[in-house]
Amino acid sequence: MRLTNIFIALLFLLSLAANARSWGSSPSTGRDTYVRDACSVTRYQDLCIHSLAAFSQTAKRSPTKWARAAVSVTISEAKNVTQYLKKLKKYKLIRSSRNRIAIADCIECFEDTLDNLHRSLGVLRNLDAANFDSQMGDVITWTSAALTDEDTCLDGFADQIEYSKQIRVLQNKVSRASYITSNALALVNKLASTGLDSITN
């Protein structure tokens with residue numbers, strides 16, 4: 001009798017576990033599918049999925065919405081890097097004169113990056129069929145320029161034997177921003193190649 005009760009209890013627990021898995025997995029699977037499909041064209045797919053997963057339910061399969069989301073996230077990332085750069089400069093946390101000059105140049109690069117990204121987002125929010133090709137040409141140019149500026153920022157710290165902790169942190173932040181920008185550019189290119197039909201989706 002006791003063995004029978006134990007067996008029934010085990011069956012009940014296994015049933016609960018199976019239900020719990022099904023309850024938790026089905027909604028997230030749908031969201032994962034949207035973001036994974038969108039990020040499949042990007043170079044840094046894991047980072048793309050992580051940074052854009054929150055937009056899955058609203059963007060779904062819309063190239064326009066994914067491009068807007070990617071540029072918006074890139075703006076936030078670039079702002080964070082800019083704030084960190086200005087903090088380093090303001091509190092004079094970098095001793096090397098060469099690195100202080102590099103940081104000043106880097107701030108200019110990221111200010112240009114933000115200008116280009118804001119221009120891109122403004123156009124992506126106002127796409128129209130009559131000007132789609134020229135609009136997307138501008139967005140691709142500006143997003144590419146943003147990526148170039150970020151890479152230029154890192155060039156200022158190249159070929160140095162020793163780095164301070166702050167410089168290493170900065171390099172990681174800039175690299176992450178450039179990867180996210182690269183992903184945004186890929187999604188912008190996808191929108192451009194999808195064409196006019198994507199505006200209504």
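I will go through the overall fold, then the core, then the cysteines, then one serine.

A word on ground rules. This is a predicted model, where local features need pLDDT of at least 70, side-chain atom pairs count only at pLDDT 80 or more, and totals for chains, interfaces and linings use all residues. Residues are numbered from 1 along each chain as its sequence is written, and side-chain values use heavy atoms, with hydrogens and water left out.

Start with the fold. The protein chain has seven helices and zero strands. Helices here are DSSP runs of H or I with at least four residues, strands are runs of E with at least two, and both are numbered from the N terminus. Read along the sequence, the pattern is α-α-α-α-α-α-α.

How much of the chain is buried? Of the 201 residues, 38% are. Buried means under 20% relative accessible area, with exposed over 50% and partly exposed in between, using a 1.4 Å probe and protein chains only. The accessible surface of the chain comes to about 11700 Å², and 53% of that belongs to carbon and sulfur atoms. Those areas come from the Shrake-Rupley method with a 1.4 Å probe; for residues, only the protein chains shown count as cover.

Now contacts, meaning heavy atoms within 4.5 Å. Take those between residues at least 6 apart in sequence: 73% join residues at least 24 apart.

Next, the core. In soluble globular proteins, nonpolar side chains tend to be buried together. By nonpolar core I mean a set of buried Ala, Val, Leu, Ile, Met, Phe, Trp, Tyr and Cys residues joined through side-chain atoms within 4.5 Å. The largest one holds 48 residues, and L52, I103, F110 and L170 touch the most other members. Helices α1 (2-39), α2 (45-52), α4 (63-90), α5, α6 (132-155) and α7 (165-194) each supply at least two residues of this core. Helix α4 gives the most, with twelve.

Look at L52. Not counting residues up to four places away in sequence, L52 touches V35, C39, W66, A69, A70, V73 and L187.

How many disulfides does the structure hold? Two. A disulfide is called when a pair of cysteine sulfur atoms lies within 2.5 Å. Numbering the bonded cysteines in sequence order, the pairing is 1-2, 3-4.

The C39 and C48 pair has sulfur atoms 2.0 Å apart. This link is left-handed, with -75 degrees about the S-S bond. C39 is buried at 0% relative accessibility, and C48 is buried at 1%.

The other pair is C106 and C153, with sulfur atoms 1.5 Å apart. C106 lies in helix α5 and C153 in helix α6, so this pair ties together parts 47 residues apart in sequence. The S-S torsion is about -55 degrees, so this disulfide is left-handed too. C106 is buried at 0%; C153 is buried at 2%.

Last stop, S120. S120 sits in helix α5, residues 97-124. Because its relative accessibility is 0%, S120 counts as buried. Leaving aside neighbours within four places in sequence, S120 is in contact with V71, V139, W142 and T143. With T143 there is also a side-chain to side-chain polar contact, at 3.4 Å. A polar contact is a pair of N or O atoms within 3.5 Å; within protein, one must be able to donate a hydrogen and the other to accept it, and residues adjacent in sequence count only if both atoms are side-chain atoms.
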